[in-house]
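Please look over the chain shown below before reading on. The report starts with a term it will need and then moves from the whole fold to single residues.

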Amino acid sequence: MTLRDGRRHLPEPGGPAPSRSRRLSRAIEVQEAVKEIIVRRGLAAGDPLPTESELMQELDIGRNSIREALKALQAVGIVDIRHGFGMFVGEMSLNGLVDELAFHSRISPQDESNHLAHLTEIREILENGLAWRLIDRHGGADLAGMLSPAREVIERMEEESLVGAVKPETDRLFHDLLYRPLGNPLVGRLLGAFWQVYYQLSDELGTPDEAPEQVARKHRDIYEAVIAQDREAVAAAMSAHFAGIRTRLARLRSG
């Protein structure tokens with residue numbers, strides 16, 4: 001209910017112990033009330049939140065309920081609790097999705113509905129589309145100059161391949177820099193989520209079957225296809241790149 005001064009009032013339960021469904025619905029109601037405060041005040045990621053005491057007063061609710069709500073919101077990245085500093089609006093995070101995908105991929109490695117295989121398919125489709133968008137949006141400009149940071153990372157990959165394996169961090173950086181000219185901040189977050197899933201399952205996936213030189217070569221093929229503005233070459237290079245991941249997934253299912 002709403003108080004006369006406009007504040008939300010969430011009455012504390014009294015009398016008999018509430019049922020589980022009532023407790024869950026109440027917990028969600030408190031979480032929604034905190035989110036409403038964030039939206040109503042126009043707070044953005046990193047902005048400080050009211051203290052526990054201030055939330056208790058504004059919502060007219062007990063400390064335990066506030067703390068439970070804040071912990072739940074922290075788990076999904078909406079609230080960032082920094083002990084000794086205060087509470088802040090959280091940055092967007094896909095950590096919950098990452099953990100769920102990694103867990104379900106781990107418990108069903110031989111299942112035809114393996115989530116990691118589906119995730120790999122989605123990532124390939126996404127990167128194909130992003131590369132084509134690069135061509136559409138920047139094909140008339142100096143695309144080679146725009147993507148010079150990605151080229152430098154390829155050269156680093158080639159150097160690493162001569163002395164050992166290509167580092168996962170270098171591989172990830174290439175994909176990040178390749179699409180950065182699109183100016184879409186969600187791209188990096190989504191690709192980062194994919195990488196985190198693969199990292200969590202690195203022991204199950206095992207080492208790549210490809211030689212380090214092949215890994216570097218396939219990334220250069222992607223880069224050169226984009227620079228040439230050749231859609232068919234982009235699709236072929238992407239397919240070859242993800243073939244290595246699909247091989248490791250097939251080995252995982254057969255094992």
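## Burial and the model

A residue is called buried when its relative accessible area is under 20%, exposed when that area is over 50%, and partly exposed in between. The structure to which these words are applied here is a predicted model.

Glutamine 31, a residue of helix H1 (residues 20–40), has a relative accessible area of 19% and is therefore buried, since the cut-off is under 20%. When its neighbours within four places in sequence are left aside, glutamine 31 is in contact with Ala69, Ala72 and Leu73.

## Overall fold

The protein contains 12 helices and two strands, and, read from the N terminus, its elements follow the order α-α-α-β-β-α-α-α-α-α-α-α-α-α. Of its 255 residues, 37% count as buried. Among contacts in the protein with a separation of 6 or more, 67% are accounted for by residues 24 or more positions apart.

## Surface and a nonpolar patch

The accessible surface of the protein is about 14500 Å², and carbon and sulfur atoms hold 54% of it. On this surface, Met92, Leu186 and Leu190 make a nonpolar patch of about 260 Å². One of these residues, leucine 186, lies in helix H9 (residues 185–200) and is partly exposed, its relative accessible area being 40%.

## The largest pocket

Rolling a probe the size of a water molecule over the atoms shows where empty space is left. In this model the largest pocket holds about 740 Å³ of space. Its lining is made by 26 residues, and those nearest its centre are Pro168, Asp171, Trp195, Pro208 and Arg248.

Which helices each supply at least two residues of the lining of the largest pocket? They are helix H8 (168–179), H9, helix H10 (202–205), helix H11 (212–227) and helix H12 (231–254).

Serine 53 is found in helix H2 (residues 52–59) and, with a relative accessible area of 42%, is partly exposed. Its C-alpha atom is separated by 9.1 Å from that of isoleucine 66, a residue 13 positions away along the chain.

Aspartate 60 is found in the loop between H2 and helix H3 (63–75), where its phi is near 55°, a positive value in a residue other than glycine. Aspartate 60 counts as partly exposed, at 36% relative accessibility. A positive phi in a residue other than glycine is also found at glutamine 229, where the angle is near 60°; glutamine 229 belongs to the loop between H11 and H12 and is partly exposed, with a relative accessible area of 36%.

## Salt bridges

The structure holds 17 salt bridges. In one of them glutamate 58 pairs with arginine 40, and the closest N and O atoms are 2.8 Å apart. Because glutamate 58 lies in helix H2 and arginine 40 in helix H1, the pair ties together parts that are 18 residues apart in sequence.

A salt bridge inside one helix joins the side chains of arginine 123 and glutamate 127, at 2.8 Å from N to O. These two residues are four apart in helix H5 (residues 115–138), and so they are separated by about one helical turn. Are arginine 123 and glutamate 127 buried or exposed? Arginine 123 counts as buried at 2% relative accessibility, and glutamate 127 is buried as well, with a relative accessible area of 0%.

## A charged network

Glu158, Arg217, Arg220, Asp221 and Glu224 are linked in a network of salt bridges.

Technical notes. Residues numbered from 1 in each chain as written. Predicted model: local features only at pLDDT ≥ 70, side-chain atom pairs only at ≥ 80, totals over all residues. Heavy atoms only, no water. Buried < 20%, exposed > 50% of the residue type's maximum accessible area, 1.4 Å probe, protein only. Contact = heavy atoms within 4.5 Å. Areas by Shrake-Rupley, 256 points an atom, 1.4 Å probe, with all protein chains shown as cover. Patch = residues over 30% accessible without salt bridge, like charges linked within 9 Å, V, L, I, M, F, W, Y side chains within 5 Å. Salt bridge = Lys/Arg side-chain N within 4 Å of Asp/Glu carboxyl O. 1 Å grid on protein atoms, 1.4 Å probe; cavity = no way out; pocket = protein on both sides within 12 Å on 5 of 7 lines; lining within 4 Å. Points joined across faces, edges and corners; volume = space filled by probe spheres on them.
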